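Work through the exercises below with the sequence and the structure side by side. Try each task before reading its solution.

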Amino acid sequence: MTSASTPLAIVVLAAGKGTRMKSSLHKVLHPIAGRPMIEHLLASAQELAPERQVLVAGHGREQLEEAMGGRAAIAVQEPQLGTGHAVQQAEQALSGFEGDVLILYGDVPFVRAETMRAMIERLHASDSPAAVVLGFEPEDPLQYGRVLAHDDGRIAMMVEYKDASEEQRACRLCNSGLMAVKSADLFELLGKVGNDNAAGEYYLVDIVNIAALEGRTCAVIVTDDPDEVGGINSRGELAAAEARWQARRREQAMADGVTLIAPETVFFAWDTQLGRDVTIEPNVVFGPGVTIADDVVIHAFSHLEGAVLESGTSIGPYARLRPGAVLRQGSKIGNFVEMKNAVLGEGAKANHLTYLGDAEVGAKANIGAGTITCNYDGYFKHKTVIGERAFIGSNSALVAPVKIGADAIVAAGSAVTRDVADGELRLVRGEQLVKPGWADRFHDAMKKKKAEQKK
């Protein structure tokens, strides 16, 4: 049976306490590019269409259960007695499964699908290895376990750093911890693993040594990108992983036809979609769910999340687009404008100092400075509809639910609480009161009073 037709299960180890993160949030749920790190890993694994998914949890398992939402079986490792012991906890969840098992780590989020696929293919090579290990060669091997292998990739021995001799530590090929094993072999080999080692733990890698002693072949494949298997155990490592991800995404954006004026100041989300000839000025941040069409300009210091920008639109500087914001072709959002759950029609403009929430703005409408759609009454949200070519004067408050008709004008400073018909002028202001000479008399009186206080 070939790897292409063999069922696949993935086992993700995530039982560690993550104490170095110093956080109440489970380590693998900390986000990178706006997405929990474990979701990056699972997305790659999904490209291989696994038949079963098992997540081995310990501390904080309730958070993981909620995050998985039934997508993976949860196996509990308590207490934590090593990686081999962790994988053993998945045995019940894999009961009756016959196929390949890919063992991954929740805090190693950026393993590529092609790497996982290469491990499975090597497992089905003609020499039929009992296990396939993913190795890497970092600049500094530090305290990683070592893979002692022949030139053809067959493993002679694997050893944890704590148990390695100086000669073995001189080997630069390191163990990432990731492994592919046939289900028929996995738990049989794990049952033979002991804990006679420096840490007193049951090491997963020992199944390789046990298989070798039984005369079976085990193999290693080596990733060409050590960052792919970089683990995240602290806030510093989380930040470093974010920086690597962002650097690659920026390079990809520019290669795809996006102009980044100051690339190092732009931060993308994992799902940001960008068209061609998009210009992004410095200090722009993308949250999840943003789609940008061609020929869009995003000026400096803008923040976008859950927004759609059609071709020829422009926002910022200092604009904020929140979920549900949609800019139709050729529309414009200026400085200090915020949109949420609102649609700005084709060619419409809101150039400055405006809030558009739960609103629909017609084509070529103009929204004056300081306009507010008053969408929330303390209990419910209400909608504002502004017709095509309507003109909303500066410092207006549109108290929803309200409709402003096509070609209507709302005079500056108006508080509109009732619908405005097409082509109508709505002026809502208090009567202007004029008192000639009053200001002069006031100033004289105040100056006299102040002078008397100084005596």
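The exercises that follow concern a predicted model.

**Exercise 1.** Find where threonine 313 is placed and decide whether threonine 313 is buried or exposed.

Solution. Step one: locate the residue. Threonine 313 is in the loop between strand S19 (308-309) and strand S20 (314-315). Step two: apply the cut-off. Buried means under 20% relative accessible area. Threonine 313 has 1% relative accessibility, so threonine 313 counts as buried. Step three: list the contacts, leaving aside neighbours within four places in sequence. Threonine 313 is in contact with Asp295, Val296, Val297, Leu327, Arg328, Gln329, Gly330 and Ser331.

**Exercise 2.** Determine how many residues of helix H1 are buried, and which they are.

Solution. Helix H1 spans residues 37-46. Of its 10 residues, eight are buried, which leaves the helix mostly covered. The buried ones are Met37, Ile38, Glu39, His40, Leu41, Leu42, Ser44 and Ala45.

**Exercise 3.** Describe the largest nonpolar core, then examine isoleucine 280.

Solution. In soluble globular proteins, nonpolar side chains tend to be buried together. Here the largest nonpolar core has 124 residues, and Ile207, Ile280, Phe286, Leu304 and Ile404 touch the most other members. Strand S1 (residues 8-14) supplies the largest share of this core, seven residues. Not counting residues up to four places away in sequence, isoleucine 280 touches, among others, Val258, Leu260, Phe268 and Phe286.

**Exercise 4.** Which residues form a nonpolar patch on the surface?

Solution. The patch is formed by Phe301, Tyr318, Phe336 and Leu353, and their accessible area together is about 410 Å². Of these residues, leucine 353 lies in strand S24 (residues 349-361).

Notes: Residues are numbered from 1 along each chain as its sequence is written. This is a predicted model: local features need pLDDT of at least 70, side-chain atom pairs count only at pLDDT 80 or more; totals for chains, interfaces and linings use all residues. Side-chain values use heavy atoms; hydrogens and water are left out. Buried means under 20% relative accessible area, exposed over 50%, partly exposed in between (1.4 Å probe, protein chains only). Helices (H or I, at least four residues) and strands (E, at least two) are DSSP runs, numbered from the N terminus. Contact means heavy atoms within 4.5 Å. Patches are made of residues with over 30% relative accessible area and no salt bridge: like charges are joined within 9 Å, nonpolar side chains (Val, Leu, Ile, Met, Phe, Trp, Tyr) within 5 Å. Accessible areas come from the Shrake-Rupley method with a 1.4 Å probe; for residues, only the protein chains shown count as cover. A salt bridge is a side-chain nitrogen of Lys or Arg within 4 Å of a carboxyl oxygen of Asp or Glu. A nonpolar core is a set of buried Ala, Val, Leu, Ile, Met, Phe, Trp, Tyr and Cys residues joined through side-chain atoms within 4.5 Å.
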